[in-house]
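Biologist: I would like to learn how to read helix packing and strand pairing in a model. Please take one feature at a time.

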Amino acid sequence: MVDRIADIWGTRTPFDRGERWPVRVDLKLADGLGEGDVDRWVQSACLLCSNGCACDIAVKDGRMVGVRGRAVDSVNHGRLGPKGLFGSWQGMAGADRLTTPLIRRNGELVPTDWDTAMGAIVERSRALLADKGPLSHGFYSTGQLFLEEYYALGIVGKAGLGTPHMDGNTRLCTATAAASMKESFGSDGQPGSYDDIDECDAIFLYGHNMAETQTVLWMRVLDRLAGPNPPVVVCVDPRDTEVARHATVHLAVHPGTNLALMNGLMHEVIANGWIDEDYIAQHVIGFDELRETVEPWTPEAVAEECGVDAEDVRHAARIFGTSPRVLSTVLQGFYQSAQATASACAVNNLHLVSGRIGVPGNGILQMNGQPTAQNNREAGADGDLPGFRNWENPKHVEELAELWDVDVDQIPHWAPPTHVMQIFRYVEQGSIDLLWVIATNPVVSMPQAERVRRILDREGLFLVVQDLYLTETAKYADVVLPAAGWGEKQGAFTNVNRTVHLSDKAVEPPGEARSDLDIFLDYSRRMDFRTRSGRPLLEWTCPEDGFTAWKECTRGRLVDYTGLSYEKLRGGSGICWPCNDEHPEGTARLYGDGVFPTEFDRCETFGHDLLTGATVGPLKYRALQANGRAILKPAAYMPSHEPPDDEYPFHYTTGRTVYHFHTRTKTGRTPQLNKAAPAAWAEISSEDAERLGIREGDLIRVASRRGEIVVPARVGGVRPGTVFAPFHYGYWERDRTGPNPGEGGPDADRPTEANELTMSEWDPVSKQPILKNAAVRVEKVADGVGPAPAPTTTASRPADPSKVPATVGGPAAEASEDIRPAEESAPADRRF
C-alpha cells in the first residue's frame with residue numbers, strides 16, 4: 001500500500017525510449033472492503049482532469065465504493081491520480097447533494113417538484129421569446145458533461161431557440177488550445193499523442209504544470225526520466241514546480257511575457273539553421289513574415305523583457321533545434337496570460353518550421369484543463385458549429401440545417417458566437433434575461449468575482465442552475481435543477497489526445513436527480529421544438545440515440561466518429577478519432593502526411609489577426625491559397641495591460657493545486673484531498689517575504705485595483721516579484737445550510753477567493769480571460785498562528801521545509817499498486 005496523498009505519483013516503473021510503458025493498476029476501495037467484496041465493476045473513465053484515465057467503478061449494495069485503473073487502456077495503463085483515486089467516487093456522495101428541484105419563492109429557495117421547476121423555466125422562456133426573441137437567452141455550460149449531452153444542448157440552443165449566446169467554462173481553460181490549432185492547422189483537433197512521451201528525446205512544457213494538473217501523464221514522464229535514455233526537459237513557468245525541478249532548463253519568465261520568449265526561441269532556431277526548408281516549402285505558408293517578426297528578439301532582448309538568463313534562452317533553443325524528436329505541451333500558463341493565442345501559435349510555429357509534427361516523438365499537445373472540454377468544442381455547446389464547421393462558410397451552415405431538418409436561418413451565423421465574457425456583459429446590460437448555468441460555478445471561477453456576483457443578482461434576470469450541489473452560483477438562482485453525475489448516467493467523452501471512452505451507469509442518482517441529457521430533452525419537449533417536417537427536434541430516448549446522431553454529424557469531417565459505437569468502446573482501450581472505414585481502429589496522430597485541413601471548404605475558421613482579433617474573412621483567406629498547407633501565424637509582442645507599478649508592485653498569477661479541481665465542488669467533499677489543502681493561501685518568494693517582514697503562515701492582504709484577499713502566506717518557490725494564489729477556494733463551506741445569496745459571501749469573514757483580484761480582460765482571438773496577469777500589492781495583516789494551509793508537496797512546498805510539518809495522508813490515503821508486465825497494457829492495434 002502507498003500513501004497517495006504524500007506520494008502523489010506512486011511507484012516508478014522505468015522504461016526506455018520506444019518501449020511500452022509498463023502496467024501499474026491503482027486501486028482504492030472504501031475502508032474495510034477488499035476486491036472480493038465488490039458486487040460488480042462498471043467501466044468508465046475519470047472526470048477530474050483532462051487526461052481521461054480509464055477506470056472501473058466498484059459497486060456494492062447499490063453504491064459506488066471505490067475505483068480501479070484499467071490496465072488495457074492506452075491512456076493510463078492502469079494508473080490513477082489522487083483526485084481519481086479518492087475524489088471521483090467520494091465527491092459524488094456528499095451529504096448535501098441536491099436531490100430535488102428548488103424554486104425561489106418570496107426571496108427564498110424552497111424544494112419543489114420537476115413539473116413546477118420545468119414549468120417555470122418554460123413559461124419564462126416562452127414569454128421572453130415572444131417579447132424579445134432568442135437573443136434573450138444565454139447558456140453557460142462546462143467541460144464535464146458527456147458528448148451526447150453537449151450535442152443535445154447545442155441543438156436546443158442553435159436549432160430550437162436560435163441563440164448565439166452559448167459558451168462553456170472551457171472558455172476559461174482551453175479556448176486558446178482550440179483557437180491556436182484552428183489558426184495554425186485550419187481546425188481544432190490535437191496533432192499529437194500521449195505515446196509521444198514514450199518516443200521523444202526532449203519535452204518542452206510551456207506554462208504547463210503537468211505534475212499537478214495531469215498527474216498520470218506526469219507519471220509517464222517520470223518513468224521515462226527514470227529509465228535509460230531519458231528525455232531532456234525544458235520548463236517555462238514562474239514557479240519552482242515539480243516540472244521545473246526535473247528540468248535541464250527552467251525559464252522562470254515574468255507573467256505576461258510568454259510571446260517575447262517564444263519569439264526569441266524562434267529567432268534562435270532560424271538563426272542557427274535548425275529548420276526544415278523542404279518541409280516549409282511543401283507544407284507551410286507565411287515563413288517570411290515569421291522571420292521578420294522574430295528578428296529583433298535576440299536572447300539578450302528576451303532576457304531583458306522576461307527576466308531570464310540569455311544563455312538559458314540559447315540553451316533551450318539548442319535543445320529544441322538539435323533534438324531528433326521533440327514533444328511540446330501547453331496549458332494555462334500560456335492560455336490564461338497575455339497574447340494567449342499568439343503564444344500558443346508560436347509553439348505550433350516551432351514544430352512547423354522544423355517539420356516536427358505527426359510522427360512518433362515529434363508532437364504537440366495543446367492541452368485541455370477539463371475531462372470533456374474536447375466534446376464541448378466538438379459538439380458546439382461552446383458556440384462553435386458542431387463537427388468543427390465554420391460559421392462563416394454558408395455551405396457548413398447548410399449542412400447542419402439539412403442534418404437537423406431546420407431552416408438555415410434558424411441557426412445563428414450572422415456574427416461570431418458569443419463568448420462568456422460578452423454573455424455576462426449582456427446579462428449586466430439587461431439584454432439577456434434568461435441565463436442557464438450548467439455544471440459550472442462562475443461566482444468562483446470567473447474573473448473579477450465581485451462584478452460576477454453583482455451581475456447574477458441583477459433584478460429581472462431569471463437564472464437557472466443545474467448542478468450536483470448548491471454552489472455559490474446556485475444560491476443566486478431562481479430555479480435549481482438537481483443533476484445526476486459521474487457513475488450515475490451513461491455517455492461517451494473524449495480526452496486531450498482524442499481518445500474516446502464510454503462511461504456506463506453504475507448506480508442510480510440520489511433522490512429525484514436527473515441526467516443532464518434527460519433535462520435537455522425534457523426542455524425541448526416542453527418547448528415543443530419542431531423540425532421543418534413537423535417532427536420533434538430531438539426524438540432521442542437514450543444516450544446511445546444521441547451518440548448515433550452525433551456520428552452522422554461528424555461524417556466526413558476531421559472529427560469523424562462514424563467507426564465508433566458503444567459496443568466497440570466496451571471492454572478494451574479507448575479509441576482515438578478519426579475512426580471510420582479508412583481508420584477502423586482510430587488514429588494516433590494527425591498530419592503525418594503534411595496535409596492540413598486548410599482548404600477553403602474544409603477549414604473550421606478563416607483565421608484572425610492575432611493582435612486585434614479581427615477576422616481574416618473569406619476573400620482574404622481564399623487569397624492565401626493555403627490549400628492543405630499549415631499557416632505560420634506570427635505576432636509582435638505587446639506588454640501586459642496591467643504591469644506592476646509603484647502602487648501595485650507585484651505580478652499576480654493564479655492556478656491549481658494537485659489536490660483540488662476547479663471550485664472544489666467534489667474534491668472539497670473528499671476527506672483525503674481536502675485535508676491536504678483545506679483552505680486558501682497565497683505564495684510569495686523568500687526574498688520578498690524578508691523585505692516585507694512576512695513569515696510563513698502570517699496573514700497577508702493581497703490587493704489589486706478590483707478587490708483583495710486576506711489569507712495566510714506560504715513563503716515558497718515563486719519567482720521574486722510575483723504572488724501566486726490557487727483559484728479553487730470560494731465560500732460555500734461558510735454556510736452549508738442557507739441556500740441564499742450573501743449568507744456565505746466575503747463579508748461573512750475575510751475574502752479568500754483568488755478571482756476577487758483578477759481582470760475582466762480577454763485574448764482578442766480565443767476570448768479566453770487573462771487570469772494570470774494582474775498587478776497587486778502585499779502587506780502583512782497579522783502574525784500567523786501556524787503554517788499556511790498549503791500542501792507541503794509540489795510547487796506549493798515551503799522554502800524552508802524544516803519550519804512546516806509535512807503533509808500527511810495517513811491510512812485513509814493509502815491505495816494499492818499492482819505492477820505488471822508491459823504486455824498486459826493495451827493491445828498493439830489500440831496503441832498505434
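Modeller: Axes are lines fitted to C-alpha atoms, for helices over the stretch in contact, and angles run from 0 to 180 degrees between N-to-C directions. Helices (H or I, at least four residues) and strands (E, at least two) are DSSP runs, numbered from the N terminus. This is a predicted model, in which local features need pLDDT of at least 70, side-chain atom pairs count only at pLDDT 80 or more, and totals for chains, interfaces and linings use all residues. Residues are numbered from 1 along each chain as its sequence is written, and side-chain values use heavy atoms, without hydrogens and water.

Biologist: At what angle do helix 13 and helix 14 pack?

Modeller: Helix 13 (residues 299-306) and helix 14 (residues 310-322) pack at about 120°, with axes 8 Å apart. Helix 13 is therefore oblique to helix 14; angles under 35 degrees count as roughly parallel, over 145 as roughly antiparallel, 65 to 115 as roughly perpendicular and the rest as oblique.

Biologist: Which residues in helix 13 and helix 14 meet?

Modeller: Pro 299, Glu 300, Val 302 and Ala 303 in helix 13 meet Ala 310, Val 313 and Arg 314 in helix 14 (contact means heavy atoms within 4.5 Å).

Biologist: How do strand 19 and strand 20 pair, parallel or antiparallel?

Modeller: Strands of a sheet pair through backbone hydrogen bonds, either parallel or antiparallel. Two strands pair if DSSP finds at least two bridges between them. Strand 19 (residues 491-494) and strand 20 (residues 499-503) are antiparallel, with 4 bridges. Thr 494 stands opposite Val 500. The two strands form a hairpin with 4 residues between them, and Arg 498 in the turn has a positive phi of about 70°.

Definitions and conventions:
Buried < 20%, exposed > 50% of the residue type's maximum accessible area, 1.4 Å probe, protein only.
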